Amino acid sequence: MTVPWLSIAIFTPLVGAVLTMLAGRRQIGRVVSLIASVVPLGIGAGVLARTPGIDDFVLKESIAWVSTDSLTITYTMALDGLSAPLFALTALLVAAAILFSWEETKRPLSFFALLLVLETSVLGVFAALDLFVFYVFWEFVLIPMFFLIAIWGGAHRRYAATKFFVYTFLASLVMLLGFMGMYFGLPDGVPATFNFLELQQYTAGFSVELQILLFVALLVGFAVKMPVVPVHTWLPWAHVEAPTAGSVLLAGVLLKMGAYGLIRFAIGAFPFAAVKLAPLLLVIGIVSILYAALVCLAQNDLKRMVAFSSISHMGVAMLGIATLNEIGFMGAIYMLIAHGLLSPLAFMMCGSIQHGWGTREIDKLGGIMQKTPTMGTFTMAAFIGSLGFPGFAGFIAEIAVLVGTYQAFGWIVIFPLLGVVLTAGYYIWAIQRALHGELTAEHADSAHEMPFYETAAVGVLTFFAIVYGVWPALLTEHINPFVEGLLSTVGVI
Amino acid sequence: MVMEMIGGLLPELSLIAGSFVILLAMARIDEGRWPATVAFVSLAFASLFTLAQLTELPGLGFVPQSGTVLDVYEISVFAALLKLLFLVGTAIVVLASPGYMDRASMQAEYYSMLLLATIGMMIVASSQDMLTLFLGVEVTSFASYILAGSFKSEPTSGEAATKYFITGALSSSLVIFGMSLLYGSAGTLTFAGLAEFWAGQVERYASLGQPALYLFMYEPIQAISVFMVLAGLGFKLTVAPFHMWAPDTYTGAPDTVASWLGGVGKGLGIVALLKVFLWALAPLETGWEPFVAGLAILTMTWGNLVAIRQDDIKRMLAYSSIAQAGYLLIVLPVGTSYAIAGGVFHTFTNLLMKGGAFLVVAAFAYAGIGTKLQDYEGLGRRNPFLAISLTVFLLSLAGIPPLGGFWSKFVLFSSAVDVGVGGSWLWWLAVAGIVNSAISLFYYVRWIRTMFVETTMHPKEIELPAGITTAIAVCLVAIVAVGFAATPVIDWGLQAGEALLAAAP
């Protein structure tokens, strides 16, 4: 009997959530929750530590869940080069979020428990290979996130939480329709199954119209989650109103679910439709990059700026997917990890600035570097990392996507390049106004440095953002075999 | 022969016995909780006998598992499975009633009527002809009119009963009028006979080279008969536009009665419609399919849109119950055994989640909390158990995985996609269903948010009778558990669907 490591990793946080609620006191509860979040982190890191790279599914588990004449569902879980880094990233970010919220005072036990429930569902999303199981985890993510925003959020939390919940729920249901279509569209005589690895062998044989229809259904669900323009309107609300730990997980892992699903399921199942619709993906990607970057320039609230920059970065990922070539795909997946480290870092810094300076408004800030150098340095790292500065993981991703775009679409690469310039513009402008300059802030006298637990959390994220920036092979050795495998199916068409 | 007959009717006989014992003893004993106990015991016996009709049970070999009683009453998997659901649902309501119903002046009648209403539904589930079906519908209806007026001294309860009675009487007359026209056309009222008649009609039109739909144009009497029956039974299921009575009745009736009506009682309409449309009128499917599918979409959309505007939880649940009727109606046009499995499944989860939600309302009402949105502020703090239960029921109604409501909706919608992939336009039913699920989430979330997010003014704990707490806990555990162990439910639903479809030509 093999040990079900993957299920242990997925469900330990859930058990931890129950224990946290039972702990009774914050001092005990937060330690319990941190321990529970470290378990999947260890298992995820263990998978990533494999050399040379993951080239097939590892830690695979499969048991029948529902088996009737008309409905067959298997609990099939595994990790591969695409999901393993995201899996580990999720575990890392939850641990960092718990650490960052160490001194949470408002209903702390429920807060930590919800973070852990969220972790279980997101880990499940990345590990599930049965479409039905995937959907169950995918949808369940919404519940803890809804409560995190609705209870611990900012002034407009009620509106933000409801909009987030209903908007993404509707999109997911469209995706579910697509899954149903894949299931019932199977040719006669084939045992009906939601197991993606088996479905994948038949989906390319569907009629062209059905393939495109189903691809679009999946695209709706995934594009809203990513999100890309024009289905991004839930994001600014949810990200800005959420508590810092919530924004960290929203930006860090929830957005990745969309791109992950798009790569794994939509393109994996319907490569032909992806080739047909690549121009659409290209336009969506470029519009997202440019539109969100322009919106960022106009923001006065640091957190809102970081939120919109997520849309821009997800546009880069979408662009990488649209290229349908090796380097573009690699860049897109690399972007998921890079953005998954840098954007949470930026959100944490927004939270720290809010705590330390009492505001996040750029025009009320100034001289952060001078008064609180640690906070200033990490903010600087987050911002220059996000704008694609060499030495940070974001650079590798962007350069790969740009090269891929040039290979696939030629001169069109000018548009994303313009986006890069704009991104550098708004980040550097924000650095100049908020971090440097005179000590003009209202509360400058009472401003204080980050507490140690916040420093620890952002330190870990900065460390990984730099490691993956200078040593990309650590990730690419896992990503590349996956990309090659995926593209070989696209190439066949 | 007689023994077989009695064996087949044992579930119904147990309830009749329980009901009569309560009515007869009422005159002599008028204190204490004994009526609830009698009702519960008779429900337990009935469930046992029904279970014996489904699977072999040791010592109950004398209960037949198939066959007919007096040619009008069938014993089949379909009937037995639905009866079991109704019995379990009623038992939960009976369990929850002591305490809450204490302020009713006539408690014994209340339990007796609950049993009678359940008997009527069992008759419908087993009916083999229109007349038996009508009888069952009427038994249930009359018992539920009385149930709705259980709080005699309260005007709202009286209003609920009156509205219910008047619209109910109207709908019954529609059904009986439709039936008389059917009898005039076909010369029979058995489902099998009617099916044969319609098959002949459809064949006649086919031989003339015309689609079955034209039948409605050339033979208006037959068209009217079909639509009368559809409208009359639609009233019972709260199908829009025949739903107007439901919000007022659910709001005015005692909460436990609303729980029964919205939970178990929903089964009456759908079972009657399943029997009539997928058996007696099955050959005419191409004729009624567009109308019923249209009604399904109209009902779910109307119910959900109006529910958004409700600031009273009982009205909100009532409109959401109308929306559930719309989802259930998907079964008829799709009409596969998988769809019927979905219908049975949704009847089951609906009685857990809708019934459970009304029971939570009852529990809050027992503690003196009103039914308005602002009354629910901060209840997550005052009684976490009730607030979490209501949250789970509402999320399940919206169809959030992995709760039971998600599964039953999944089976319903995917059955529409199933025929849709085959080329039918009915996959639009699934599209309508998911859009509606998203709309419904919007208003459910409002209540959930109110309970947990708003701060409370009254940090007072809420104390509850043990019965209602247990009943809610049963619903809660069941709706969660069914999400993890859906296989047996779907399996039984499929068997029931095959049994029903096998009876039809």
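Reader: Let's start with charges. How many salt bridges are there between chain A and chain B?
Author: Zero salt bridges are counted between chain A and chain B. Keep in mind that this is a predicted model.
Reader: OK, and how many residue pairs are in polar contact across the two?
Author: Five residue pairs are in polar contact between chain A and chain B, counting those with both residues at pLDDT 80 or more.
Reader: Which elements of chain A give two or more residues to the side that touches chain B?
Author: Those are strand 1 (58-67), helix 5 (131-140), helix 6 (142-152) and helix 7 (157-184) of chain A. Helix 7 of chain A gives the most, with 14 residues.
Reader: And how do the residues on that side divide into nonpolar, polar and charged?
Author: On the side of chain A that touches chain B, 24 are nonpolar, six are polar and five are charged.
Reader: What's the buried area between the chains?
Author: About 3,400 Å² is buried between chain A and chain B, and carbon and sulfur atoms give 81% of that. Trp65(A), Phe169(A) and Phe184(A) supply 17% of what chain A buries against chain B, more than any other three residues.
Reader: Switching topic: what's the reach of helix 4 of chain B?
Author: Helix 4 of chain B (residues 107-126) has 20 residues and reaches 29 Å from its first C-alpha to its last, close to the expected 28 Å.
Reader: Why is that helix described as largely enclosed?
Author: Because 17 of the 20 residues of helix 4 of chain B are buried, the rest of the structure largely encloses it.

Notes
Residues are numbered from 1 along each chain as its sequence is written. Chains are lettered from A and ligands numbered from 1 in the order in which they are written. This is a predicted model: local features need pLDDT of at least 70, side-chain atom pairs count only at pLDDT 80 or more; totals for chains, interfaces and linings use all residues. Side-chain values use heavy atoms; hydrogens and water are left out. Buried area is the accessible area (1.4 Å probe) that two parts lose on being put together, summed over both. A salt bridge is a side-chain nitrogen of Lys or Arg within 4 Å of a carboxyl oxygen of Asp or Glu. A polar contact is a pair of N or O atoms within 3.5 Å; within protein, one must be able to donate a hydrogen and the other to accept it, and residues adjacent in sequence count only if both atoms are side-chain atoms. Helices (H or I, at least four residues) and strands (E, at least two) are DSSP runs, numbered from the N terminus. Ala, Val, Leu, Ile, Met, Phe, Trp, Tyr, Cys and Pro count as nonpolar, Asp, Glu, Lys and Arg as charged, and the others, Gly among them, as polar. The expected span of a helix is 1.5 Å times one less than its number of residues. Buried means under 20% relative accessible area, exposed over 50%, partly exposed in between (1.4 Å probe, protein chains only).
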